[in-house]
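Biologist: Please take a close look at one part of this model for me: the place where the two chains meet. Then follow the charged pairs from there into the rest of the structure.

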2 protein chains.
Amino acid sequence: MEWTREKRYLPYSKWDAETLLDLQAEAANSAYQMHYHLHPISGLVNDPNGFSYFNGEYHLFYQSYPFGAVHGLKSWVHFKSQDLVHWINLGLAVKPDSMADSHGAYSGSAREIDGKLFLMYTGNHRDENWVRTPYQIGAWMDKDGVVKDKTVLFKNPDHITEHFRDPQILKENDTYYAILGAQDKAEKHGHIDVWKSKDLKNWEELGFLNLSDHDLGYMIECPNIVRVGGKVVVIFCPQGLDKKIADYDDIYPNMYVIADDIDFENHGLINPGPLHNLDEGFDVYATQAFNAPDGTAYEVSWVGLPDTTYPTDDENWANCLSQVKKLSIHDGKLIQEPVETIKSLRRNEEKVSGKTIKENTTGQYELKLNISANQTGTLHLAANDNLSESLQIKFDTNDGKLTLDRAQAGKKVAVDYGTTRFTSFTPHEDLKLDIFVDHSLVEIFVNDGEHVLTGRFFTDPVNQRIKFDQDTNYQGTFYNMETIL
Amino acid sequence: MEWTREKRYLPYSKWDAETLLDLQAEAANSAYQMHYHLHPISGLVNDPNGFSYFNGEYHLFYQSYPFGAVHGLKSWVHFKSQDLVHWINLGLAVKPDSMADSHGAYSGSAREIDGKLFLMYTGNHRDENWVRTPYQIGAWMDKDGVVKDKTVLFKNPDHITEHFRDPQILKENDTYYAILGAQDKAEKHGHIDVWKSKDLKNWEELGFLNLSDHDLGYMIECPNIVRVGGKVVVIFCPQGLDKKIADYDDIYPNMYVIADDIDFENHGLINPGPLHNLDEGFDVYATQAFNAPDGTAYEVSWVGLPDTTYPTDDENWANCLSQVKKLSIHDGKLIQEPVETIKSLRRNEEKVSGKTIKENTTGQYELKLNISANQTGTLHLAANDNLSESLQIKFDTNDGKLTLDRAQAGKKVAVDYGTTRFTSFTPHEDLKLDIFVDHSLVEIFVNDGEHVLTGRFFTDPVNQRIKFDQDTNYQGTFYNMETIL
């Protein structure tokens with residue numbers, strides 16, 4: 001099937017329901033489908049949206065194109081949860097049904113205001129000449145999940161190009177602020193643009209955030225500001241960033257900066273630090289973070305990259321979301337940990353030992369390892385008999401180096417951007433790994449969340465061996481993880 | 001919206017995808033929706049189908065009409081599970097896409113044969129004059145969930161009317177048998193018709209099962225034979241049964257008979273006992289049972305009744321399935337118990353005491369009670385402040401009598417068939433209740449499964465008090481139940 005522009009932007013009402021039911025069944029039956037991470041019901045999933053706490057529950061949406069593994073006409077699909085782990089799928093919530101979002105209800109955020117959930121997002125509109133206008137839209141969701149009263153709040157000011165999107169709604173004292181990804185017209189550089197409003201109706205541009213002294217490429221997407229341990233963390237996705245400024249491997253990185261504080265009125269970070277990669281694996285992008293009412297900072301990521309094809313495209317679905325992680329700061333570094341409640345998914349705790357950790361798994365597990373200091377080796381996940389196909393975790397605790405290698409991990413993904421990812425840690429100490437596998441998704445927490453490596457992999461689903469390449473001193477615990485999605 | 005015949009039988013391809021997505025969201029957002037029982041993704045659910053063990057997992061399908069709370073063009077939706085509690089929704093599996101099932105892929109069963117799942121079901125075909133032919137169809141599902149090779153196995157023989165449906169495929173030694181609900185042409189009475197085949201292709205009618213000496217009404221639906229504790233249990237739904245033969249309250253009952261054995265070749269039950277109601281609550285029908293490979297007998301029911309409207313019809317969805325129950329026989333009586341693995345859904349165990357058990361719940365819980373002997377009283381579930389709205393469980397352990405009363409339980413359901421249901425137990429002994437509530441569904445296990453009362457109820461979702469009407473001696477444990485669906 002050829003995905004012409006016309007086809008990708010066909011209204012949902014012009015697709016037939018049998019096709020949709022078939023696509024839903026196809027995505028559900030895939031051996032690569034995740035079962036404890038949010039995944040597509042059909043078609044393509046991208047950015048998490050509207051991550052928030054409302055009416056006593058957590059809410060999360062994702063960008064969805066229901067009719068294939070392509071970036072077509074986007075909408076928001078809604079989930080809610082009491083524990084950030086067990087999610088109820090509430091279905092299509094924000095549709096591209098107004099002039100301002102006629103070509104997609106693009107990414108945005110949400111915040112409980114006066115007993116309703118205020119959604120702030122980018123409406124993608126194109127005119128008959130395919131010229132884009134990005135409208136920033138406000139809408140209100142009531143406790144029954146009904147979204148009403150879409151209003152255009154503002155559009156790109158004269159000095160900003162059509163690349164102006166992904167508003168995060170924030171509140172400081174009595175004032176609302178929004179930050180957006182933006183490209184300036186003069187230099188065509190990427191920025192985070194800061195806006196303010198007293199009433200959510202009248203908005204005023206304050207200016208670009210002083211994220212860095214460097215040029216950060218041609219565009220910044222999905223900016224997020226979250227308060228963590230007395231600091232301010234800015235999470236964002238620079239596009240076209242010079243690798244001399246901050247090194248990265250993926251087509252576009254998801255980065256963060258830690259600052260002492262933020263002065264919204266002067267759109268100024270106080271003492272911003274250097275750029276860091278948020279995730280050191282393969283496929284994390286568009287991370288969205290927010291502070292829950294108790295102040296805790298949580299994040300969730302799209303596991304998928306723009307302008308990238310994945311093997312499940314052939315099955316007409318693609319991508320998923322990461323697990324929700326809790327953020328903290330330790331020694332000036334961002335720590336990303338699983339939420340405590342993910343333990344409720346554990347089944348059949350098993351102490352493991354020996355070279356072969358498991359001859360077989362269901363592909364849905366958590367593996368906690370404490371690898372003793374001063375060893376090198378390779379841990380093979382999703383491995384076949386002779387270890388010729390597997391996802392490899394290579395560790396060298398002498399050098400303090402860990403490599404995630406998917407060169408031999410079945411079907412290829414984005415090989416132009418390399419098949420290995422790498423992180424470093426304190427040498428000559430024990431290495432703690434908390435590895436979550438959900439069929440075609442791996443999330444590796446290194447030393448209690450000092451580093452996280454996330455990635456998709458597409459080994460033959462029958463290969464489910466977990467094995468070290470050589471005798472290794474370690475302590476390990478294996479848990480089957482419950483099916484919840 | 002008027003549900004004309006034309007509309008109900010419109011091919012799925014003539015519905016638009018946006019309507020379906022809206023219906024899915026509407027069903028998901030309902031406050032009456034279940035969250036640990038199988039429920040509609042959209043529209044109407046009825047009979048469980050194809051309950052089986054295949055490829056190392058349990059499989060279960062249900063009858064689905066996706067476009068509204070009406071009995072329209074039916075298909076099978078597929079679920080699988082490793083533990084009979086956590087189910088993965090695999091989506092639309094058997095569609096009405098051949099001549100023989102042009103007007104509905106109706107109910108049937110499944111059995112693993114030679115590494116594939118053999119599905120045997122009734123194709124509902126109507127000609128241009130709306131004259132029905134019921135085709136019994138065989139199809140094969142492979143390990144990827146693809147259903148192929150639909151073949152018409154046989155149609156109604158001359159002596160049976162168009163009411164000939166719901167085949168259960170069975171195997172005894174080297175021979176396959178099928179039992180079907182049937183109406184004879186001469187007397188227009190309901191029967192269970194027995195067929196045999198050596199090769200699943202050539203089928204021969206053996207004759208009607210000797211279920212009872214009585215006339216069992218004008219039709220029998222959904223017959224099931226299952227071996228339980230050395231006996232044979234026949235579960236079936238007689239329609240039009242004279243209440244003098246076996247008393248019941250629902251529009252149509254779901255009944256069972258226990259026999260010492262069955263002689264398939266002579267279509268004869270050995271020493272069949274009397275008819276009993278399978279469930280003593282309000283809404284159980286079309287129960288499907290099968291023997292797992294280890295011999296254990298499991299059953300699952302439609303919670304919903306034919307020719308009955310429910311309050312959620314206004315939200316364009318209706319009905320659900322019961323939890324899976326394990327069958328055994330004790331003192332000649334059928335015992336129905338929750339499966340052991342349902343305990344994995346328990347969260348936050350809490351010992352409860354006092355007149356008010358809980359001021360509030362999420363509407364999703366298990367409540368285990370041991371009510372001391374020689375007491376009478378009323379337990380109110382889903383109650384408001386002054387107990388004027390609630391689902392009532394009235395107990396009298398002096399008389400050994402328990403009544404489930406939904407007269408004050410919010411929106412009315414099938415009131416022409418009464419608002420109370422009743423069971424009896426040994427007087428002057430403690431009463432053990434294991435009560436599962438899932439928003440608008442209650443399942444009450446009395447004295448370890450000696451009796452089960454299942455029902456839907458539609459109290460205002462904000463009313464979540466659990467309270468005795470008076471001081472009561474009891475021991476109780478309350479568990480929140482996990483959201484898995």
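Modeller: Between chain B and chain A, 15 residue pairs are in polar contact, both residues of each pair being at pLDDT 80 or more. That threshold matters here, as the model is predicted. On the side of chain B that touches chain A, α2 (17–29) and β4 (87–94) of chain B each supply at least two residues. The largest share of that side comes from α2(B), with nine residues. By type, the side of chain B that touches chain A divides into 13 nonpolar, twelve polar and eight charged residues.

Now the extent of the contact. It takes 33 residues from chain B and 33 residues from chain A. The two chains bury about 2800 Å² between them. Carbon and sulfur atoms carry 57% of that area.

Next, the charges. Side chains of opposite charge can pair when their charged atoms come close. Across the interface of chain B and chain A there are six salt bridges. One of them joins K95(A) to E18(B), at 2.8 Å from N to O. E18(A), D22(A) and K95(B) form one network, joined by salt bridges that share partners.

Over all chains, the structure holds 45 salt bridges. Some of these sit within a single chain. Take D101(A) and K150(A), whose side chains meet at 2.6 Å, N to O. D101(A) lies in the loop between β4 (87–94) and β5 (105–113) of chain A, and K150(A) lies in strand β8 (residues 147–155) of chain A, so the pair ties together parts 49 residues apart in sequence. D101(A) is buried, at a relative accessible area of 0%. K150(A) is partly exposed, at 26%.

A second pair in chain A is D405(A) with K394(A), the closest N and O atoms being 3.0 Å apart. This pair links distant parts of the chain, eleven residues apart: D405(A) is in strand β30 (residues 401–405) of chain A and K394(A) in strand β29 (residues 391–396) of chain A. D405(A) is buried, with 9% relative accessible area. K394(A) counts as partly exposed, at 31%.

Chain B has a pair of its own. R132(B) and E162(B) form a salt bridge at 3.1 Å, N to O. R132(B) sits in strand β7 (residues 132–141) of chain B and E162(B) in strand β9 (residues 160–172) of chain B, 30 residues apart. R132(B) counts as buried at 16% relative accessibility, whereas E162(B) counts as partly exposed at 30%.

Chain A also has an interface within itself. The chain is divided into domain 1 (5–338) and domain 2 (346–481). Their centres, taken over C-alpha atoms, are 30 Å apart. The contact involves 35 residues of domain 1 of chain A and 38 residues of domain 2 of chain A. About 3100 Å² is buried between these domains, 58% of it from carbon and sulfur atoms. In domain 1 of chain A, Y32(A), E280(A) and F282(A) lose the most area to domain 2 of chain A, together 27% of what that side buries.

Two salt bridges cross between the domains of chain A. D283(A) and R406(A) also meet in a salt bridge, at 3.0 Å from N to O. Polar contacts between domain 1 and domain 2 of chain A number 20 residue pairs, both residues at pLDDT 80 or more. On the domain 1 side, β22 (320–321) and β24 (333–338) of chain A each supply at least two residues. The largest share, six residues, comes from β24(A).

Note on methods:
Residues numbered from 1 in each chain as written. Chains lettered and ligands numbered in written order. Predicted model: local features only at pLDDT ≥ 70, side-chain atom pairs only at ≥ 80, totals over all residues. Heavy atoms only, no water. Contact = heavy atoms within 4.5 Å. Buried area = accessible area lost by both parts, 1.4 Å probe. Salt bridge = Lys/Arg side-chain N within 4 Å of Asp/Glu carboxyl O. Polar contact = N/O pair within 3.5 Å; in protein donor to acceptor, adjacent residues only side chain to side chain. Helix = DSSP H or I, 4+ residues; strand = E, 2+ residues; numbered from the N terminus. Nonpolar A, V, L, I, M, F, W, Y, C, P; charged D, E, K, R; others polar. Buried < 20%, exposed > 50% of the residue type's maximum accessible area, 1.4 Å probe, protein only. Domains from an automatic or database assignment.
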